[in-house]
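Here are some notes to read alongside the model. Have a look at the fold for yourself before you start.

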Amino acid sequence: MYRTRISEKMVLILIPFVLIALDIAFAEFAEDPPVYIGQWTVSSPSGTAFDYWGNIYILDRSQKLVKKYDNRGVPITEWISCGADDPSQCFAPYDVAVDSYGNVYVTDYMGITKFDQDGKFMITFGFTGGTGPGIAVHSFVDSSADSSGTPATSIFVANSPNHSIQKFSPDGTLLKEWGKYGNLAGQFKFPYDVAVDSAGNVYVADANNSRIQKFGPEGIFLASWSTTRPSGIDIDSADNVYAISWLNCSIEKFTSEGVLLTQWGNCGAEEGQFTSPFRINVSPEGEIYVSDTGNNRIQVFESADKDNDGISNTEDNCPKDYNPGQEDADQDGTGDQCDGCPSDPENDIDGDGICGDVDNCPAYSNTDQADADEDGVGDICDICPYDADNDIDRDGICGDVDNCPEDPNKADPGICGCGVVDTDSDEDGIADCVDNCPAVKNPDQTDRDSDGIGDACDTTSRTICSILGNDHRPFLLDRDFFKFTGTKGETVTIRLKADPPGAGTGKQAGLLLWHNIRRVWFMKKDWGILPNEITVALPATGRYYIGVAEQPKFARGIRYRGNYCLTLEASPATYQTLAPAFRVE
């Protein structure tokens with residue numbers, strides 16, 4: 001058995017390193033570290049760049065290729081990194097950048113090669129014989145008086161073997177260079193990468209000095225702070241600085257003044273771990289692409305709170321938009337700040353570009369919002385596009401074609417009109433609304449007393465019809481006599497009409513009522529033009545007589561001769577006693 005002896009001296013030496021490791025493991029940072037969201041498999045990647053249109057350019061170092069993808073990761077094209085026809089003619093590429101016009105710049109041992117966005121070779125310029133040079137492009141609007149107002153571009157390169165930073169124009173002209181070997185401010189030991197913030201300040205990953213140095217646009221030293229062997233550096237839209245350490249397999253995020261905000265990563269092959277990570281690049285959307293070179297992949301991260309509103313992405317209803325109040329009017333889980341339809345929980349379900357809360361057909365695509373009847377319901381989904389009341393009676397017939405738009409039972413007025421059902425209760429073929437006996441079948445609608453109540457159901461009168469003027473004794477007037485029994489005080493009405501009524505127009509006949517009860521004589525008469533009528537309160541109880549008489553012969557021109565009907569209106573007990581007395585033919 002072998003035992004390893006650890007001396008007291010060795011323990012004392014190890015304690016500081018253990019404490020440092022514990023400090024890193026348990027440190028509390030101002031921000032949570034970014035979260036892993038995915039990865040791309042790439043052979044020995046050494047840089048990523050992004051153009052204005054959202055395309056992504058990845059440098060495949062082992063195959064010496066520039067690979068271009070769209071923003072969904074779909075390959076578009078690829079080309080040899082040095083512009084040659086054969087990869088064997090190229091040295092391994094180190095970094096890639098894109099300017100505002102879509103031109104692509106690639107660094108390798110022989111300098112900088114410029115391509116257009118489709119990979120067409122343009123020029124080669126810069127130093128030769130360098131290893132690991134990082135590149136950054138800064139586009140800005142020149143504010144000088146003679147400027148055209150179009151973006152100007154500067155290309156910055158970390159010239160590792162010369163321990164300097166170089167600034168070029170897009171045509172390859174060297175504009176400025178600063179730095180030399182050393183560890184003083186403005187000096188470098190193998191600078192590996194360079195980045196530029198929104199103000200044009202230049203940040204350098206001064207690898208072998210284990211620090212980041214910050215310079216003004218013309219190379220004036222501004223600040224520096226420590227980090228461990230940085231091989232890659234980039235800036236986000238808020239001018240925060242990300243530095244990657246290939247030695248510690250970790251990433252640190254600083255403010256532009258060097259204040260550490262957060263840190264993540266360690267060595268390994270799991271998600272969020274790295275092996276010899278070489279470059280770090282931040283997309284315009286804030287996603288962080290890490291060239292995890294030793295693991296042949298690019299890992300992608302995003303800020304745990306992308307919009308810096310104090311709410312983590314997983315809990316934030318608008319993770320890309322600052323909304324600390326988390327307002328969500330339609331309660332669809334998407335905050336009002338980033339909700340295209342903040343008052344429509346279905347979020348324009350028909351996809352016509354009009355939110356459901358203002359779309360007149362929210363479930364049907366209708367970009368023109370046509371609404372012929374102006375009822376607020378679009379024609380494409382309106383059951384009655386020309387009826388503003390939309391079939392108000394719910395009979396399935398739109399009001400613009402319904403002849404009874406407010407009657408659910410009728411589409412046409414029919415016999416009784418809208419709102420009245422054409423019921424025929426007695427089934428005599430005549431609707432109740434015009435039937436003079438709606439409950440008693442009487443298809444002939446006979447109404448001899450013309451009181452609007454058919455004879456079949458007239459319960460307040462009795463009618464007897466006969467003929468006047470058919471007496472065979474030419475020198476005598478024709479007379480018919482009837483009788484009934486009445487009650488004292490009862491009001492009765494006796495009517496005499498020609499049959500049909502029109503036959504008696506302008507003609508005369510006599511109508512008489514009398515009695516001789518207990519030798520008291522009583523008489524009422526009407527010798528006028530037809531129809532004749534007598535209404536009287538009976539003076540006594542007993543038998544009464546009614547006479548219907550032809551006018552005298554001297555009244556030949558106006559006397560009525562023909563069919564007639566005599567009607568007695570009275571109580572049932574009275575009118576039911578009406579009967580011919582004598583001389584009725």
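The points below go from the overall picture to single residues.

1. **Ground rules.** This is a predicted model, where local features need pLDDT of at least 70 and side-chain atom pairs count only at pLDDT 80 or more, while totals for chains, interfaces and linings use all residues. Residues are numbered from 1 along each chain as its sequence is written, and side-chain values use heavy atoms, with hydrogens and water left out.

2. **Overall picture.** The protein has 2 helices and 35 strands; helices (H or I, at least four residues) and strands (E, at least two) are DSSP runs, numbered from the N terminus. Of its 585 residues, 46% count as buried. Here buried means under 20% relative accessible area, exposed means over 50%, and partly exposed is in between (1.4 Å probe, protein chains only). Among contacts (heavy atoms within 4.5 Å) with a separation of 6 or more, 43% are between residues 24 or more positions apart.

3. **The largest nonpolar core.** Which residues have the most contacts inside the largest nonpolar core? They are F484, L513 and I546, in a core of 28 residues. A nonpolar core is a set of buried Ala, Val, Leu, Ile, Met, Phe, Trp, Tyr and Cys residues joined through side-chain atoms within 4.5 Å. The elements that give two or more residues to this core include strand 27 (461-468), strand 28 (479-486) and strand 34 (562-569). Strand 29 supplies the largest share, 4 residues. Leaving out residues up to four places away in sequence, L513 touches several others, among them F484, I494, Y544 and I546.

4. **Aromatic pairs.** There are 20 aromatic pairs in the count. Rings of Phe, Tyr and Trp (its six-membered ring) pair if their centres lie within 6.5 Å; planes under 30 degrees apart count as stacked, over 60 as edge-to-face and the rest as tilted. W79 and F115 make a tilted pair, at 5.7 Å centre to centre with 50 degrees between the planes. This pair links distant parts of the chain, since W79 is in strand 5 (residues 75-80) and F115 in strand 8, 36 residues apart. W79 counts as buried because its relative accessibility is 8%, and F115 is buried too, at 1%. F484 and Y544 are stacked, because their ring centres are 5.5 Å apart and their planes are at 10 degrees. Again distant parts of the chain are linked: F484 is in strand 28 and Y544 in strand 33, 60 residues apart. F484 is buried at 1% relative accessibility, and Y544 is buried at 0%. Elsewhere, ring pairs link Y36, W264, F274 and F301 into a cluster.

5. **Salt bridges.** Side chains of opposite charge can pair when their charged atoms come close. A salt bridge here is a side-chain nitrogen of Lys or Arg within 4 Å of a carboxyl oxygen of Asp or Glu, and the count comes to 14. K253 and E31 meet in one of them (2.9 Å, N to O). K253 sits in strand 20 (residues 250-254) and E31 in the loop between helix 1 (8-26) and strand 1 (35-41), 222 residues apart. Are the two partners buried or partly exposed? K253 is buried, with a relative accessible area of 5%, whereas E31 counts as partly exposed at 23%. R211 and D206 form another bridge (2.8 Å, N to O), and both residues are buried.

6. V204 lies in strand 15 and is buried, with a relative accessible area of 0%. Not counting residues up to four places away in sequence, V204 touches residues including I165, F188, R211 and I233. N201 is in the loop between strand 14 (191-196) and strand 15 (202-206). N201 counts as buried because its relative accessible area is 14%.

7. **A loop residue, Y109.** Y109 is placed in the loop between strand 7 (104-108) and strand 8 (111-115). Y109 counts as partly exposed because its relative accessibility is 32%.
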